[in-house]
Every structure is written in C-alpha cells, then in structure tokens.
Amino acid sequence: MKSTTTPSHDDMRYLELLSHTFPTSIDASTEIINLQAILNLPKGTEHFLADIHGEFEAFQHVLKNASGNIKRKVNEIFGNQIRESEKKELCTLIYYPRQKLELVKAKEEDIDDWYRITIHHLVKVCRDVSSKYTRSKVRKSLPPEFSYIIQELLHERTEDVDKTAYVSTIIDTIISTGSADEFIIAISNVIHRLAVDQLHILGDIYDRGPGAHLILDTMEDYHNWDIQWGNHDMLWMGACAGNEACICNVIRLSLRYANLGTLEEGYGINLIPLATFAIDTYGDDPCEEFLPRTLAGDDNMDERTRMLTARMHKAIAILQFKIEAQMAARHPEWDMADRDVLHFIDYDKGTILLNGKEYKLSSNHFPTIDPKSPTELTDGERTLIERLRHSFTVSERLHRHIALLLRHGCMFAVINNNLLFHASVPLCADGSLKEVELYGGKRSKGQELMHNIGMTVRAAFQNDTDAEERAYCIDFFLYLWCGKDSPLFDKSKMATFERYFLAEKETHKEEKGYYFLLRDDPSVCDRIMDAFGVEGPTRHIINGHVPVHVRTGENPIKADGKLMVIDGGFSQAYHKETGIAGYTLVYHSRGFELVQHEPFTSTRDAIIRGTDIIGTTQIVEMSSHRMRVADTNKGKDIRQQIADLERLLYAYRHGIIKEREQIGLL
C-alpha cells in the first residue's frame with residue numbers, strides 16, 4: 001500500500017463517510033482486492049449506432065445481434081465443430097428465441113435431443129460472453145427464476161470428468177420438468193445482455209420511420225446506454241416542450257413520409273382538427289407539391305388518403321412558415337431572417353424574390369395568407385395550433401420518452417478517448433472553434449458551448465426556471481433545429497419552402513458549415529479533441545448525421561482514422577441514395593470494427609430464413625494488446641476508488657479513524 005500522510009479536515013469528512021460503506025479494515029482491503037482484479041478484466045464491448053430514424057425492426061435486429069458480435073463469438077467458439085447452417089440456426093435462436101422455438105418444435109422429431117444439444121451450445125456462448133465480467137455482475141444480470149441453474153452451468157465444465165454427470169443431470173432435469181423453452185429464452189436474453197457492455201446512440205431516433213416510440217420503449221429497459229441528441233430528437237423535444245414551430249415540423253415530416261404511426265398510435269396526437277382544417281381550407285387544391293413520399297412497393301395508400309395527407313401536409317407547412325417567421329423576428333440575434341420567406345412573395349404574380357432574383361412559384365394558392373400581413377395567423381390557424389400544442393403537451397408517453405432522453409442524453413460525451421456528438425462543432429474558416437451566442441448574450445464555443453446548450457435544453461423542462469428564460473429556452477429548440485451555427489444543423493439555411501415551391505435547384509442549396517468542409521483534415525480533428533480534453537494516442541471523433549454515400553465511393557473513415565462517421569442511412573428513405581442500410585461500430589477489447597449493413601427485410605425473414613443484415617465488417621483499428629478495464633474511463637475511476645480506500649485503510653491502521661466494529665465494543 002502507498003504511504004499516506006495524515007488526512008486534512010476535508011479528507012477526514014470524506015473518509016468518515018466512506019467508512020460507513022467499508023466499516024472495517026478487512027472490508028476496505030477486500031474491496032481493494034476486488035477492484036484491482038476488475039482492472040485486469042478485458043474491456044467491455046461498446047456498441048455505437050446513429051440515425052436510427054424510427055426503423056424499429058432493423059434497430060431491434062441490430063440490437064439483438066450486437067452488430068455481428070454474437071455471430072463472431074459463435075464462430076470463435078465452435079469453429080469447425082458444427083456446420084455453418086447450425087451456427088446460423090443457433091444465432092437466430094439467440095436473437096429471437098421464443099419465435100424460433102415455435103418453428104423448431106413444429107419440425108423437430110426428437111425435441112428432447114435437440115434441447116440437450118442446444119442448451120449445451122447456449123451455455124458455451126453464455127460462458128464466453130460472461131468471461132469479461134465479475135461473477136457478481138453476471139449474477140445481477142441473471143433472471144431470478146434461473147439464476148442458480150445458469151450460475152452452476154457457467155462455472156462447471158463438462159471437461160471435468162467428475163462434473164460431467166452433474167451438468168448432464170441439470171440439463172436433463174430442465175428438459176424433463178418442461179422448463180426447456182423458458183430456460184432457452186432466459187439464457188438467450190442473458191447473452192444479449194452480456195454481449196454488449198454499453199450502447200452509444202449518436203442521435204436521431206425520431207422521424208421518417210414508423211417506430212421511434214417502440215425504440216424508446218425498448219430503451220426504457222436497456223441495461224446501459226447513452227445518447228448524444230440529434231437534430232430530429234431535438235425537434236421532438238421542442239414539440240414536447242410546447243414549441244409551436246417544432247410541433248409543425250414534426251407533423252409536416254410525418255405527413256411528408258406518410259408516417260403517422262408514431263404521432264397517432266405511439267403518442268395519441270389528435271390530428272382530426274388538422275384534417276378538418278385542411279379539407280375546409282384546401283379542399284379544391286391539388287397540393288401536388290405536398291403529395292407524400294412513399295417507398296418503392298408501398299401501395300397501401302388509396303387516392304383519397306393520399307389527397308387528404310397532401311392537404312394536411314400543405315396546411316401544416318404554411319402554418320410552420322408563419323410561426324417560424326414570427327419566432328425569428330422575436331430573436332434577431334439568431335440571424336434567421338431567411339425563415340420569413342412569405343414577405344418576399346408577390347401574391348398577384350405568383351413569384352418570389354430571393355437574393356435579388358425573381359423565381360416563379362409552382363403554385364400560388366395561399367388562402368390563409370394576407371399579403372399585407374403574410375405571417376399573421378388566421379383565427380382558424382390559431383385555434384388549430386393551440387389544439388395541436390395541447391395534444392403534444394399532455395401526451396404522457398411522449399413526456400416519458402423525452403424524460404428518458406434527458407436522463408440518458410446530452411450534446412456530447414467523451415468516453416474511452418472517443419469524442420461522441422451527433423453532427424458538428426461550429427468552426428471558423430481557419431478551423432478554430434467558433435463562438436455562438438446563447439441566452440443573455442453569453443457567447444461560448446467548443447465544449448462550453450455544447451454544455452451550455454445542454455443546460456438550455458434542460459431548463460426548458462424545469463418548472464423552477466425563470467418564466468422569461470424558460471420562454472427563450474422553449475423557443476431555442478427551433479434554433480437548434482435549423483439555426484446557422486447550431487451544432488445540430490450547421491448549414492447556411494434550411495431550404496424547406498424552396499424545395500416545395502421552386503424548381504430551380506440553385507435555390508435548394510444549403511451550404512454546409514466549416515466543420516463538414518474541414519473534418520477530413522487530421523489537424524482540425526486534433527484541435528477539436530484538444531478543446532474537449534480527449535487524450536491518448538488512439539483518440540477519435542465519432543459522428544452520425546450526414547449519410548455516407550458509399551455508392552459514390554465515400555469512405556466513413558476520415559482524417560487518417562481520427563474521425564468515424566457511422567450514418568450510412570439506417571432509414572429506408574436513404575437506401576437508394578447511400579447504397580447501404582447504415583453503419584454501426586463495435587469497440588471491443590481488441591479494437592474497432594466498422595459494420596456495414598444490408599437493407600433489412602423483416603423480422604419474419606430473420607426468424608424463418610435466418611437472414612441477417614450484416615454486409616461487411618471492416619477492421620478500423622486493432623490494439624497492440626488486449627485492452628483491459630484499466631485502459632478505460634471506468635478504470636480511471638476504479639484507480640481513484642482504490643486510492644481513496646488505501647487512504648481509509650491507512651486511517652484505520654494508524655488509529656486516525658476507528659473501525660466501526662471496535663466502536664461497537666466500547
């Protein structure tokens with residue numbers, strides 16, 4: 001034990017508190033031994049996902065297969081001992097145990113023999129994935145009804161002749177008592193739980209796909225995860241807080257992609273008032289610009305529904321343009337005057353003046369716009385937005401999910417020498433960090449900016465926030481969604497109106513911020529990591545947000561390996577554009593593996609045919625030695641705990657603090 005001087009007064013107070021947890025020198029010594037042992041365990045596997053965009057089935061499958069980590073384990077364990085088809089069947093069973101069992105029982109002639117072989121295989125896999133953890137942690141991960149049995153099977157090996165009959169009897173009894181199905185389901189879930197130590201979601205759970213609410217239901221029970229908020233998450237957070245511009249954007253995007261499941265079924269948002277308003281206001285309008293985007297092969301929408309969706313889409317879009325313009329006028333410091341496009345329209349000619357050039361609008365039917373006051377809401381629009389706002393602010397499930405994002409999320413994280421954030425860090429043209437103004441004129445950059453934004457977001461949901469400040473914080477969600485220097489947007493503008501009403505592609509262009517222009521430069525990435533205090537010779541930035549266009553040859557590994565972009569287009573809406581169905585990243589004790597995914601067909605196909613969505617795995621970076629817990633952030637914390645316990649032990653042994661058992665004897 002290291003030598004220690006007499007503790008100061010503040011140290012004494014801390015050590016006295018610590019002594020309540022470790023009341024004797026034996027307790028302190030035992031914990032030091034335990035922590036030293038943990039430092040030498042292999043580093044736990046980290047799993048990185050980004051830009052899930054509501055694709056629940058694909059997300060669920062990637063979560064279950066740990067981006068191929070479980071398949072890799074099965075291959076390592078069994079090698080050539082069993083056939084490839086058997087390994088594939090075993091993996092599918094681990095991913096979807098309950099559903100796969102039903103298929104097996106329907107065709108297997110000797111089900112008891114199948115149970116016996118399969119349970120032995122599952123125990124081997126479970127033993128392997130549990131080897132990185134202490135017995136205590138593994139025990140806490142086990143289902144109570146099978147905890148004792150699984151522990152016995154994990155720690156007794158059939159290679160030990162004296163134990164062969166013991167293990168065989170346990171498995172035979174599981175089968176004879178009719179518990180095999182539930183045991184297989186339980187041990188498969190344990191494998192899921194232990195295959196990944198920590199899940200990192202780099203933003204954008206929401207929008208485009210139909211199952212964001214189901215994804216967040218899943219995350220409510222997930223064992224260890226964090227999220228770095230994305231721009232689409234922020235949009236829904238703003239809607240939940242009551243930001244009317246965010247509410248309009250959320251509904252508009254849902255209508256654009258013909259995806260109302262999350263709104264209506266997931267969160268109970270009542271869209272009948274919008275439908276009624278749209279029919280009354282745009283009943284004779286073909287609304288061609290607002291016809292919903294449907295994916296290839298999706299022909300479930302009849303013509304009547306398509307037209308109603310288009311009219312609702314236009315109604316909410318025009319309402320959005322008005323509210324955004326009002327909000328931009330309220331906050332000139334945001335430099336978002338470009339959101340007020342309605343003032344630049346000549347409603348008689350059907351043209352708009354942008355950057356000194358006149359463009360013809362594709363249509364000129366704006367029955368709710370008064371050319372003299374184009375951003376003023378009609379009585380019908382005001383009633384509509386108030387009803388929509390009420391629907392969002394009273395949705396219990398939405399508030400529960402946003403509270404989950406607040407508990408597990410932030411704008412950035414530094415974990416194991418990796419800097420995680422969704423999109424960008426605002427930069428100047430020379431690659432230096434750019435200052436951005438927040439509430440009260442306070443300017444900040446880099447890590448301080450990201451922290452201050454996180455505090456602003458949280459303040460919007462806190463009832464004890466000053467009323468004026470809270471109103472600003474709620475408005476600020478719009479800036480985070482589409483403000484020029486927002487770390488979640490970082491573009492010159494959001495050309496929403498232009499894409500709807502103007503054919504000229506030049507008006508659609510959104511100039512990317514300097515982060516996206518300079519991120520291939522290793523020195524720029526180093527400067528950013530320095531500013532965020534990221535240390536170590538193998539440090540990285542990991543982002544999502546911008547899909548990697550594999551089809552055109554873009555590489556997700558940038559800046560000489562210092563930056564990894566893992567948004568390959570999880571959403572089906574991006575598949576044609578990117579050529580793949582997303583990237584995920586696995587960081588295990590031997591290094592980084594980037595996993596490229598093929599489009600996911602369905603859970604049914606995965607169960608029946610054993611189809612997977614892993615395309616190729618690229619080794620990004622391998623460590624020169626197998627990383628241990630000592631090499632991680634957790635290891636740093638553990639070493640500090642050991643140092644504190646050594647000080648407590650010194651205090652006990654030198655009589656500075658009395659052991660609590662001794663106090664009881666006095």
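Predicted model: local features only at pLDDT ≥ 70, side-chain atom pairs only at ≥ 80, totals over all residues.
Two packed helices are described by the angle between their axes and the distance between the axes.

The axes of helix α17, which spans residues 303-330, and helix α18, residues 379-393, come within 11 Å and cross at roughly 95°. The two helices are therefore roughly perpendicular to each other. On the α17 side, the residues that meet α18 are Ile316, Ile318, Leu319, Lys322 and Ile323, while α18 contributes Glu381, Leu384, Ile385 and Leu388. By class, this contact of α17 with α18 comprises 7 nonpolar and 2 charged residues, with no polar ones.

A second pair is formed by helix α1, residues 9-21, and α27, whose axes lie 10 Å apart and which pack at an angle of about 90°; that angle makes α1 roughly perpendicular to α27. The contact involves Asp11, Tyr14, Leu15, Leu18 and Ser19 of α1, together with Asp644, Leu645, Arg647, Leu648, Ala651 and Tyr652 of α27. The residues of the contact of α1 with α27 divide into 7 nonpolar, 1 polar and 3 charged.

For helix α13, residues 231-241, and helix α14, residues 244-256, the axes come within 7 Å and cross at roughly 125°, which makes α13 oblique to α14. The crossing in which α13 passes α14 is left-handed. Here the contact is made by His232, Leu235, Trp236, Gly238 and Ala239 of α13, and by Cys246, Ile247, Asn249, Val250, Leu253 and Ser254 of α14. No charged residues take part in the contact of α13 with α14, which has 7 nonpolar and 4 polar residues.

Helix α27 also takes part in the second largest pocket, where it supplies 3 residues, the largest share of the lining. The volume of the second largest pocket is about 530 Å³, and the lining consists of 24 residues. Of these lining residues, Asn416, Asn417, Glu535, Gly536 and Asp631 lie nearest the centre of the pocket. Strands β16 (591-597) and β17 (614-622), as well as helix α27 (633-653), each supply at least two residues of the lining. By class, the lining of the second largest pocket has 11 polar, 8 nonpolar and 5 charged residues.

Methods. Residues numbered from 1 in each chain as written. Heavy atoms only, no water. 1 Å grid on protein atoms, 1.4 Å probe; cavity = no way out; pocket = protein on both sides within 12 Å on 5 of 7 lines; lining within 4 Å. Points joined across faces, edges and corners; volume = space filled by probe spheres on them. Helix = DSSP H or I, 4+ residues; strand = E, 2+ residues; numbered from the N terminus. Nonpolar A, V, L, I, M, F, W, Y, C, P; charged D, E, K, R; others polar. Axes fitted to C-alpha atoms, helices over the stretch in contact; angles between N-to-C directions. Parallel < 35°, antiparallel > 145°, perpendicular 65-115°, else oblique. Left-handed = near helix turned anticlockwise from the far one by under 90°. Contact = heavy atoms within 4.5 Å.
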